Structure formats: C-alpha cells, structure tokens
Amino acid sequence: MTTALSPEADTALRAHVRALLTQAQAHEMLDDVLEDFPTARAGERIHDLPYSASEILWHLRFTQRDILNFVQDETYEETTWPDGYWPHDPEGSAREWGAQVTAFHADLDALLKLLDDPATDLLAVVPNGKEGGQTWLREFLLVADHTAYHVGQLRLLRRLLSKD
C-alpha cells in the first residue's frame, strides 16, 4: 500500500532526490573526482587494497545499471552477489575507463527520466520489487548512497595514485 503525497510534497521530494543524484551535497560528484584522475594507473591495486580504481568504476557503473534493469525490465534476472558485481578482467576494466564513465552517465540519465516522470509513484513498489520495501524512492536513494560510497573510494585512490 502506498500513501499518496500531496502534489507539493511530491515535487519537493523529487527535487531533493534529483539534487542528491546530480549535485555535490555531503559528498563529491563522480565527475569532480575523475577530473585529473591518473587514468594510466587506474588498473593498479595499491597498498594491499582489494580493488583498483578501474574495478571500482566498473562496479559502480554495473550496479547502477543493475538497479535500472531491476526497476524497468520485466525479464530482470538477479545477478549473483558478489561475483557478478565485480569485473572478472581488471586490466580490461582499466582499458574501458572512458566507456564506463559514458555508460554511467547514460544510465543515470535514464534513472533521472524515471524520477522526473510524474507517473512514477515514488512510494509504490517497483515492478520487480517485493512488497514492503523496494519502492521507487528506495531504489533512487540506493543509487545515490552506493554512488557516494564508491566516489569516496575513488577520491582516496586518486590521491594515493597521484602520490606514489
């Protein structure tokens, strides 16, 4: 069961979620962190860290795409965690840096179109969701939270890769 929002509350909530996804709030944005990123070293795992920057970027892009597929594809099939959410070719993911950034932005744009669509009831369960939790609002917030987390990791890796 969903609770209808007033038109004013719906508009305000969409604006807040959009800002969370597209503007620096209490976190940096991906493009800001990727500016001047030492991409020649993006495939390196340093300081015994379990992932390289390119692996994190691949994971970030893949997971956002998975959420987009989850909310809109009738034929969605769940990916196996954690193996399905991390690249199996770290060197390949480093070579695909630009393509990953482009795909990330394309998928974010698709999510934003869904967010901006008045027919998307933010409090309704998404088509593939389970009652009691997997609402449109939850999925948009999940993308924002997940992105902010990994953008922070990329910021740290940018600093470390630039110093070594």
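Reader: Start with Tyr149. Is Tyr149 buried or exposed?

Author: Tyr149 counts as exposed because its relative accessibility is 53%. The cut-offs are these: buried means under 20% relative accessible area, exposed means over 50%, and partly exposed is in between, with a 1.4 Å probe and protein chains only. The model is predicted, so local features need pLDDT of at least 70 and side-chain atom pairs count only at pLDDT 80 or more, while totals for chains, interfaces and linings use all residues. Residues are numbered from 1 along each chain as its sequence is written, and side-chain values use heavy atoms, with hydrogens and water left out.

Reader: Which helix is Tyr149 in?

Author: Tyr149 is in helix α6, residues 136-163. Helices here are DSSP runs of H or I with at least four residues, strands are runs of E with at least two, and the numbering starts from the N terminus.

Reader: And how far is Tyr149 from His27?

Author: Their C-alpha atoms are 8.7 Å apart, although Tyr149 and His27 are separated by 122 residues along the chain.

Reader: Where is Gln64, and is it buried or exposed?

Author: Gln64 lies in helix α3. Gln64 counts as buried because its relative accessibility is 2%.

Reader: Which backbone oxygen does the side chain of Gln64 have at 2.8 Å?

Author: That of Phe104, which lies 2.8 Å from a polar atom of the Gln64 side chain. A polar contact is a pair of N or O atoms within 3.5 Å; within protein, one must be able to donate a hydrogen and the other to accept it, and residues adjacent in sequence count only if both atoms are side-chain atoms.

Reader: What is the N to O distance between Arg14 and Asp10?

Author: It is 2.7 Å, and the two side chains meet in a salt bridge. Arg14 and Asp10 both lie in helix α1 (residues 7-22), four residues apart, about one turn of the helix. Both residues are buried.

Reader: And which residue does Glu44 pair with?

Author: The side chains of Glu44 and Arg41 meet in a salt bridge at 2.8 Å, N to O. Glu44 sits in the loop between α2 and α3 and counts as partly exposed because its relative accessibility is 32%. Glu44 is also 8.6 Å from Glu91, C-alpha to C-alpha, with the two residues 47 apart in sequence.

Reader: What about Arg95, which residue does it bridge to?

Author: Asp89, with the closest N and O atoms 3.8 Å apart. Arg95 is exposed because its relative accessible area is 65%, and Asp89 is partly exposed because its relative accessible area is 41%.

Reader: Which residues form the negative surface patch?

Author: Asp31, Asp32, Glu35 and Asp36. Patches are made of residues with over 30% relative accessible area and no salt bridge; like charges are joined within 9 Å, and nonpolar side chains (Val, Leu, Ile, Met, Phe, Trp, Tyr) within 5 Å. Lys and Arg count as positive and Asp and Glu as negative, while His and the chain ends are not counted.

Reader: Back to the backbone. What is phi of Asp36?

Author: Near 60 degrees, a positive value in a residue other than glycine. Asp36 is in the loop between α2 (30-34) and α3 (53-72), and Asp36 counts as exposed because its relative accessibility is 65%.

Reader: What about phi of Asp48?

Author: Positive, at about 60 degrees, although Asp48 is not a glycine. Asp48 is found in the loop between α2 and α3, and Asp48 is exposed because its relative accessible area is 81%.

Reader: Last one. Is the peptide bond from Trp81 to Pro82 cis or trans?

Author: The bond is cis, with omega near -5 degrees. Pro82 is in the loop between α3 and α4 (90-95).

Methods. Areas by Shrake-Rupley, 256 points an atom, 1.4 Å probe, with all protein chains shown as cover. Salt bridge = Lys/Arg side-chain N within 4 Å of Asp/Glu carboxyl O. Charge placed at Lys NZ, Arg CZ, Asp CG, Glu CD.
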